[in-house]
Amino acid sequence: MAAAAQDAFREAVFGREGGARQRVFRKAKASALATGTRALPRTVDGGYAHGVARAAAAEFLALLVFVFVSAGSVESFSKITGGSTDSGYVLGVAFAHGITIALTVAIAAAYSGGHVNPAVTLGFLLTGRLDVLAAIAYWVAQLLGAIAGGFLLSLIWGKKVHGLGSHSFAPGVSTVHGLEVEIILTFVLVLTVWGTAVDPRGNKTLAPYLIGLAVFVGVLFGAPLTGPSLNPARTVGVAVWSGNWDHHWVYWLGPFIGAAVAALLFELAFIRATDPPEHDDIYEEILANEEFQA
């Protein structure tokens, strides 16, 4: 497309006000994501800063809810099972983590992309789908939201027998093996994110629930090993109030490595290596609309 047409497109989307332009902007944002170009949180009315602030607020609330429910489920199921960590306990905790991440991703998706995980945000940063300042805003909001969720949880349960739902290695699990578990399980999770929510050919409707299923499987698999995190914010949110910092760096490094490898692999080997869907009709619709003519 000619440079003049591209300029007209940008002016049409970002230079005017009105409900119709909001609709066109949403299409343009979808086009940018689908073609692998950088997609920054932005709103037509408030600009870049307002978009980042709103996205960060969505991430804050999502992490607050996720940590409160997921970590709280550890204590709740412990009470139900009388302190036993049998198969029923593990299934209950895994289900609570999976369904809560599915719901929070679905809730936040329209405003922040529904990362709900600093490791996922790292993937967006490394693949050029989020810039550095926006990523930092996401990370700060995610950590603060997780800590707030942990605080609310501490008011109800205190530290309790399972350290407020904090993570810990099982006896006999070495640091190296624990790191491997966190890398592999987060790799699977982020691969699911890219294959459903990021890839333009993915099933966006089912994406939150498939991501939740990946978390469910990850917790189920890793429960007898690392009490898996897959999410550094989830770990920090309860560690601040429980005081359990054992192997804390593993729950950061593992998810970050797994997320980085999965995001870059899927982005380069599948999304950008395949011809993107055509979206020129979006530009033509905008340029043909009399409201957007100079």
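## The cavity and its lining

Ser166, His167, Thr235, Val238, Ala239, Asn244, Asp246, His248 and Tyr251 line the largest cavity. The model is a predicted one. Its largest cavity has a volume of about 30 Å³. How many cavities of 30 Å³ or more does the structure hold? It holds one.

Which helix gives the most to this lining? Helix α9 does, with three residues. By type, the lining has five polar residues, three nonpolar and one charged. Such space can be found by a simple test. Rolling a probe the size of a water molecule over the atoms shows where empty space is left.

## Helices α9 and α10

Helix α9 covers residues 232-242, and helix α10 covers residues 250-271. The two pack at an angle of about 165°. Their axes lie 9 Å apart. An angle over 145° counts as roughly antiparallel, so α9 is roughly antiparallel to α10. The crossing of this pair is left-handed.

Which residues meet here? From α9 come Pro232, Thr235 and Val236. From α10 come Tyr251, Trp252, Pro255 and Phe256. Six residues of this contact are nonpolar, one is polar and none is charged. Two names return from the cavity. Thr235 and Tyr251 are in the cavity lining, and Thr235 of α9 and Tyr251 of α10 are also in the helix contact.

## Helices α3 and α4

Helix α3 spans residues 47-80, and helix α4 spans residues 87-112. They pack at an angle of about 170°, and their axes are 9 Å apart. That angle makes α3 roughly antiparallel to α4. The contact of α3 with α4 has 14 nonpolar residues, eight polar and two charged.

## Helices α3 and α6

Helix α3 also packs with helix α6, which runs over residues 132-157. The angle for this pair is about 35°, and the axes are 7 Å apart. Is the crossing of α3 and α6 left-handed or right-handed? It is right-handed. The residues of this contact divide into 22 nonpolar, six polar and three charged.

Notes
Residues are numbered from 1 along each chain as its sequence is written. This is a predicted model: local features need pLDDT of at least 70, side-chain atom pairs count only at pLDDT 80 or more; totals for chains, interfaces and linings use all residues. Side-chain values use heavy atoms; hydrogens and water are left out. Axes are lines fitted to C-alpha atoms, for helices over the stretch in contact, and angles run from 0 to 180 degrees between N-to-C directions. Helices (H or I, at least four residues) and strands (E, at least two) are DSSP runs, numbered from the N terminus. Angles under 35 degrees count as roughly parallel, over 145 as roughly antiparallel, 65 to 115 as roughly perpendicular and the rest as oblique. A crossing is left-handed if the near helix is turned anticlockwise from the far one by less than a right angle, and right-handed if clockwise. Contact means heavy atoms within 4.5 Å. Ala, Val, Leu, Ile, Met, Phe, Trp, Tyr, Cys and Pro count as nonpolar, Asp, Glu, Lys and Arg as charged, and the others, Gly among them, as polar. On a 1 Å grid over the protein atoms alone, a cavity is a set of points where a 1.4 Å probe fits but cannot get out, and a pocket is an open set with protein on both sides within 12 Å along at least five of seven lines; lining residues have an atom within 4 Å of a point. Grid points are joined across faces, edges and corners, and a volume is the space filled by probe spheres set on the points.
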